[in-house]
Amino acid sequence: MNAAKKIRLARILPHSGRGLVVPIDHGLTLGPIAGVESVRRIARFIQNPAIDAVIAHKGMISRLGSQGLLAGRGVILHVNGMSSLAEEPDEKELLTSVSAALRLGADAVSLQLNFNGRNDARNLRRLGRVVDEADALGLPVLTMLYDKTEVEDMDRRVRRQRQLLRATIELGT
């Protein structure tokens with residue numbers, strides 16, 4: 001791991017590799033959610049000293065950052081998403097870039113991958129591209145991994161989840 005990535009990870013996980021990371025990226029998917037429906041409401045809790053980092057989309061990072069609400073916090077830009085109003089809400093699309101994360105002052109990027117058995121190759125390609133871009137700029141990558149397949153056999157489900165997890169590790173997340 002290069003020095004830039006180590007420095008950024010230390011801002012996100014300042015307590016010997018541990019930290020409290022609060023996701024506030026759900027508004028894009030679900031709309032206004034109680035408690036995070038406005039910058040004013042987010043400001044009420046975001047400055048709690050127990051919070052080490054936040055995960056948000058670019059508009060929210062810009063708004064919170066311009067008001068000084070992210071000072072002393074790790075910042076993780078969530079680069080993909082999809083509205084729950086969409087025909088296929090689990091098919092997350094890239095909505096911004098790794099270079100945008102740097103412009104916003106982010107310490108890392110995150111992306112959500114919902115595997116359904118039909119989109120596995122597409123998700124792995126996307127992850128590979130994001131990791132390559134992030135690595136070139138010294139940014140860590142967080143992957144939110146969901147297996148959305150219908151598997152009734154618990155052993156098969158666990159094997160599939162372990163393989164997907166290993167794939168994300170192999171690709172650098």
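This is a predicted model: local features need pLDDT of at least 70, side-chain atom pairs count only at pLDDT 80 or more; totals for chains, interfaces and linings use all residues.
Biologist: Where is N123 found, and why is N123 called buried?

Modeller: N123 is found in helix α6, which covers residues 120-136. Its relative accessibility is 4%, and buried means under 20%; therefore N123 counts as buried.

Biologist: Which residues is N123 in contact with, leaving aside its neighbours within four places in sequence?

Modeller: With those neighbours set aside, N123 is in contact with L113, N114 and F115.

Biologist: What makes P14 partly exposed?

Modeller: The relative accessibility of P14 is 41%. Buried means under 20% and exposed over 50%, with partly exposed in between, so P14 at 41% counts as partly exposed.

Biologist: Where is the place of P14, and which residues does P14 touch?

Modeller: P14 is in the loop between α1 (3-12) and β1 (21-23). Not counting residues up to four places away in sequence, P14 touches G19 and D52.

Biologist: Which residues of helix α3 are buried, and how do you know that they line one face of the helix?

Modeller: In α3, residues 39-46, the buried residues are V39, I42 and I46. Seen down the axis of α3, the buried residues fall within an arc of 60°, so they line one face of the helix. An α-helix has 3.6 residues a turn, so residues three or four places apart point the same way.

Biologist: What do the buried residues of α3 pack against, and which exposed residues does the face turned away carry?

Modeller: The buried residues of α3 pack against β2 (53-56) and α4 (58-66). On the face turned away from the buried side are the exposed residues R40 and R44.

Key:
Residues are numbered from 1 along each chain as its sequence is written. Side-chain values use heavy atoms; hydrogens and water are left out. Helices (H or I, at least four residues) and strands (E, at least two) are DSSP runs, numbered from the N terminus. Buried means under 20% relative accessible area, exposed over 50%, partly exposed in between (1.4 Å probe, protein chains only). Contact means heavy atoms within 4.5 Å. The arc is that of the directions from the helix axis to the C-beta atoms.
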